[in-house]
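Subject: The structure you asked to look at

Hi,

Here is the structure, with the sequence alongside. Have a look at it first, and then read on for what turned up.

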Amino acid sequence: MASSLAAPEGAGLKLDIDGPVATITLHRPERRNAMTPSLWRGLAAIGDDLPPEVRVVVVRGDGPSFSAGIDLRLFTPEGIPGEELTSPSDPDFEDAVASYQAGYLWLRRPEIVSIAAVHGYAIGGGFQLALACDLRVCADDAIFCMKEPALGLVPDLTGTKPLVELVGLPRALEICLTARNIDAAEASALGLVQRVVPAADLDAAVAALAAGLCTAAADTARATKELLLGAPGRSLAEQSAAEIAMQARLQRSRGEDSPW
Ligand code: CAA
C-alpha cells in the first residue's frame, strides 16, 4: 500500500513507499542531481519520519546520472537563492556539516537495509551517498569519483570509513587523492559494488534484490544486521559471544514464533 509520507518541499527529492520498500529519488536531473543543504536535510527528515513497516530503502537518481555531488554554485559569490552553505569561518560550521551527515547516517540503521542504485556519475557527495548505503547495485555505465581532494576539500559526508572498509586503506588513499574515475567493472572488482547490470535492467535488479531482502522475518533481519554491523569492532571471541546473546534475545522475544 502506498504511503502518504512525502519528501520535504524544495529538497530535490521524491519519495515513494510501496509496502516494505521505500524509494528515495534524487530529483534534480537538469543539474545531474547536484546536492544542496536542503537536499541533505531532506534526506535526514525522510529518515526521521520513515514508517516502521519499511524494510528496504532504495536510493536512486533521476535523469542521466545518480548525482554530480555538491552543487558547485554554492561555492560561487552568487550562490543559490534559498540555499546557504555554512562557511568554515562560521562558529556553526561543525553543527551544519553534522546536520548534512545526518542525511546519510540513518541509512545504516539496523531496522532497514539500504541499496544505492547507481547509474551514470556518482561524484563527491554522490559517491559518498552510495557508500552510505548497505549495498550498491550499479549499471554498467556507472562511474564513481571521490572528487573532493581535487577541489581542496576532504570527503566529509561519511564516506571515508565505508570506503576504507570496502577497498582497504592503500586503495582508498589512491582513489581519494587522484580523484580519478572508477568505472563499473573496476568498482565490481574492488568490491565497491555487489552487482553490475545492464543500465536497462537496473530498476528490475534492484526490485528483485529488495524483495529477496524482505524474505527473512523483520525481527530476524534486524538482529542479523545488528550482529554483522558490530563484527568489525569485535574480536572473534567477542563476536561469538555476541552471536549467543543475540540468538537468546531474538528467540526469547519471538515466543511462540521461535523455531525452537
Ligand atoms: N553543480 C552544479 N551544476 C552541475 C553540477 C554540479 N555539481 N554537475 C552538473 N551540473 C550542471 C551543469 O552545469 C549543466 O548545467 P547547464 O545545462 O546549465 O550547462 C548540467 O548540470 C548538465 O551538466 P553536464 O552537461 O556537464 O552533464 P554531463 O552528463 O555531460 O556530465 C558530470 C555530468 C560528469 C557530472 C559533470 O557535470 C561534472 O563533472 N559535474 C561536476 C562534478 C563535481 O565536480 N562535483 C563536485 C564533487 S565534490 C563534492 O561533492 C563535495 C561535497 O560533497 C561537499
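In which sense do strands E1 and E2 pair, and over how many bridges? Strand E1 (residues 13-18) and strand E2 (residues 21-26) are antiparallel, with six bridges between them.

Some ground rules before the rest. This is a predicted model, where local features need pLDDT of at least 70 and side-chain atom pairs count only at pLDDT 80 or more, while totals for chains, interfaces and linings use all residues. Residues are numbered from 1 along each chain as its sequence is written, and side-chain values use heavy atoms, with hydrogens and water left out. Helices (H or I, at least four residues) and strands (E, at least two) are DSSP runs, numbered from the N terminus. Two strands pair if DSSP finds at least two bridges between them. Buried means under 20% relative accessible area, exposed over 50%, and partly exposed in between (1.4 Å probe, protein chains only).

**The hairpin**

Back to E1 and E2: they form a hairpin with two residues between them. Gly19 sits in the turn and has a positive phi of about 60 degrees. Asp18 has Val21 of E2 as its bridge partner.

**A strand on the inside**

Now compare that with strand E4 (residues 113-118). Why is E4 described as largely enclosed by the rest of the structure? Because six of its six residues are buried. Val113, Ile115 and Ala117 point one way, Ser114, Ala116 and Val118 point the other way, and all are buried. E4 runs parallel to strand E3 (residues 56-61), and four bridges join them. Val56 stands opposite Val113.

There is also an open sheet of three strands in the order E5-E7-E8, with mixed pairing. Its edge strands, E5 (121-123) and E8 (182-183), each pair on one side only. Strand E7 (residues 143-145) pairs with E8 in the antiparallel sense over two bridges, and Phe144 has Ile182 as its bridge partner in E8.

**Helix H4**

Pro162, Leu163 and Val167 are the ones to find in helix H4 (residues 160-167), where they are buried. They lie on the same side of H4 because they cover an arc of only 105 degrees around the axis (the arc is that of the directions from the helix axis to the C-beta atoms). An α-helix has 3.6 residues a turn, so residues three or four places apart point the same way. The buried residues of H4 pack against helix H3 (125-132), helix H5 (169-178) and helix H6 (184-190); contact here means heavy atoms within 4.5 Å. After H4 comes Gly168, whose phi is positive, near 85 degrees.

**The ligand**

How many residues surround the ligand? There are 18, and the closest are Arg32, Ala68, Ile70, Leu72 and Gly125 (a residue is near a molecule if one of its heavy atoms lies within 4 Å of it). A polar side-chain atom of Arg32 is 2.9 Å from an oxygen atom of the ligand. A backbone N or O atom of Glu30 lies 3.3 Å from an oxygen atom of the ligand, and one of Leu72 lies 2.9 Å from a nitrogen atom of the ligand. The protein covers 65% of the 990 Å² of accessible area that the ligand has on its own.

**Two buried loop residues**

Asn33 lies in the loop between E2 and helix H1 (37-49), and Asn33 is buried, with a relative accessible area of 0%. Its side chain reaches the backbone oxygen of Ser65 at 2.9 Å, and a polar atom of that side chain lies 3.1 Å from the backbone oxygen of Phe66.

Glu83 is in the loop between E3 and helix H2 (93-105) and counts as buried at 15% relative accessibility. The side chains of Glu83 and Ser38 make a polar contact of 2.7 Å (a pair of N or O atoms within 3.5 Å; within protein, one must be able to donate a hydrogen and the other to accept it, and residues adjacent in sequence count only if both atoms are side-chain atoms).

Cheers

Terms used: Accessible areas come from the Shrake-Rupley method with a 1.4 Å probe; for residues, only the protein chains shown count as cover.
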